[in-house]
Amino acid sequence: MVLPRIDILLEQTRLEKAMSKENFFDDIGPGYEGVAEFYELFSDNTDLPFYLEYAQRCGSPILDIAAGTGRVTRYLAQQGFHVTALESSPSMLQHSKYLVSRLTPEVRSRIELVSGNMMNFSLDRKYSLIIIPNSFGHAMTTGEQLSTLQSIHKHLSDDGLFILDLFPGAVMNEHAKFQDNPTRMQDGRTVIREGEFHVDFVKQILRLDLRYVVFDKQGIEENEVMVTSGASVIFNREADLLIHFSGFEVEQELGGFDSSPYTIESGRRIFILRKRKMLEADEGV
Ligand SMILES: C[S@@+](CC[C@H](N)C(=O)[O-])C[C@H]1O[C@@H](n2cnc3c(N)ncnc32)[C@H](O)[C@@H]1O
């Protein structure tokens, strides 16, 4: 029999205590400070060919919103595109700078890293393609979602495309736990990540508690980092309204990065959007 480690048990108790509080789902921030160096170890990169296909279709410049450590930005810049990466977390941005510094001067020259908030940013150019991989849910309220979409609308060129990547609320579980496989870092350390989701379907908020445990080259536990992040739970008709009221129209709706059509069982709802041509009767709608 494998006995659970005592510190994991203690942590579960802490989480259970937190869950019993009424404010378990309140004031949860994005929660990325202190984990930037581990972020890409657990990333799913199956979206990269998909974003490349749209980069080839739309061309530069591309705006990668909530770019994190620059996972998608670096890939597109390596394929020859000019990319601006907008990110609000100081630690994600810092790590992104480090990863960009390791690229060739030519690729580096195609990347611009910008500190900013997706809900109210202002850049001095328009973009042919805007993407927001895995991140729109961090706009936690309808007001924040609308202001994010309006900021994006302002920065999209008239014939440009905006790819909105959503996790549909209807197929989310109320509670789930997971543990990723131990992953080795380039410096020889190993990292384990375990997580627990809770969803409040009334408040439409998802809370994710993540715990990273880092082991040194000898396999001795070095440290652990815990972060809690929140995301909004967005249902389909709500997403349709957000898109409409932000002045976009749907060119295509997909259910995955393999470009399969969206069905009610899809775990992803990916919209290819363009600016809606405004008729006078549309003003203010
Ligand atoms: C799940 S990560 C995705 C990172 C990257 N897009 C990727 O797919 O690898 C979400 C990112 O959104 C960023 N973020 C959250 N709220 C933000 C905001 N208001 N403005 C800009 N970035 C934000 C977080 O700091 C984090 O880096």
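Predicted model: local features only at pLDDT ≥ 70, side-chain atom pairs only at ≥ 80, totals over all residues.
According to the domain assignment of the chain, domain 1 comprises 6–30 + 173–232, whereas domain 2 comprises 43–169 + 235–282.

**Contact between the domains**

- Where the two domains meet, six residues of domain 1 are in contact with seven residues of domain 2.
- On the side of domain 1 that touches domain 2, strand 10 (residues 221–232) gives the most, with three residues.
- The residues on that side of domain 1 divide into three nonpolar and three polar, with no charged residue among them.

- Seven strands form an open sheet in the order 3-2-1-4-5-12-11, and their pairing is mixed.
- Strand 3 (111–115) and strand 11 (248–254) are the edge strands, each of which pairs on one side only.
- On average, neighbouring strands of this sheet are turned by 20° against each other, with direction ignored.

**Strand 5 and its partners**

- Strand 5 (residues 156–166) is largely enclosed by the rest of the structure, because eight of its eleven residues are buried, a residue being counted as buried if 20 or more other C-beta atoms lie within 10 Å of its own.
- With strand 4 (residues 127–131), strand 5 pairs in the parallel sense over four bridges, and leucine 129 has leucine 161 of strand 5 as its bridge partner.
- Between these two strands the chain passes through helix 7 (residues 142–155), and this β-α-β crossover is right-handed.
- With strand 12 (residues 269–275), strand 5 runs antiparallel, and five bridges join the two; phenylalanine 162 stands opposite leucine 273, while leucine 164 stands opposite phenylalanine 271.

**Helices across the strands**

- Helix 5 (residues 90–101) lies across strand 2 (83–87) and strand 3, and runs at about 165° to strand 3.
- Helix 8 (residues 236–245) lies across strand 5, strand 11 and strand 12, and runs at about 15° to strand 12.

**Alanine 77**

- Alanine 77, which lies in helix 4 (residues 71–78), is buried because 27 other C-beta atoms lie within 10 Å.
- If residues up to four places away in sequence are not counted, alanine 77 touches Val83, Val107, Arg110 and Ile111.
- From C-alpha to C-alpha, alanine 77 and leucine 206 are 32 Å apart in space, and they are 129 residues apart in sequence.

Note on methods:
Residues numbered from 1 in each chain as written. Buried ≥ 20, exposed ≤ 12 C-beta atoms within 10 Å, placed from the backbone. Pairing = 2+ DSSP bridges. Right-handed = clockwise from strand over helix to strand, strands pointing away. Domains from an automatic or database assignment. Nonpolar A, V, L, I, M, F, W, Y, C, P; charged D, E, K, R; others polar. Axes fitted to C-alpha atoms, helices over the stretch in contact; angles between N-to-C directions.
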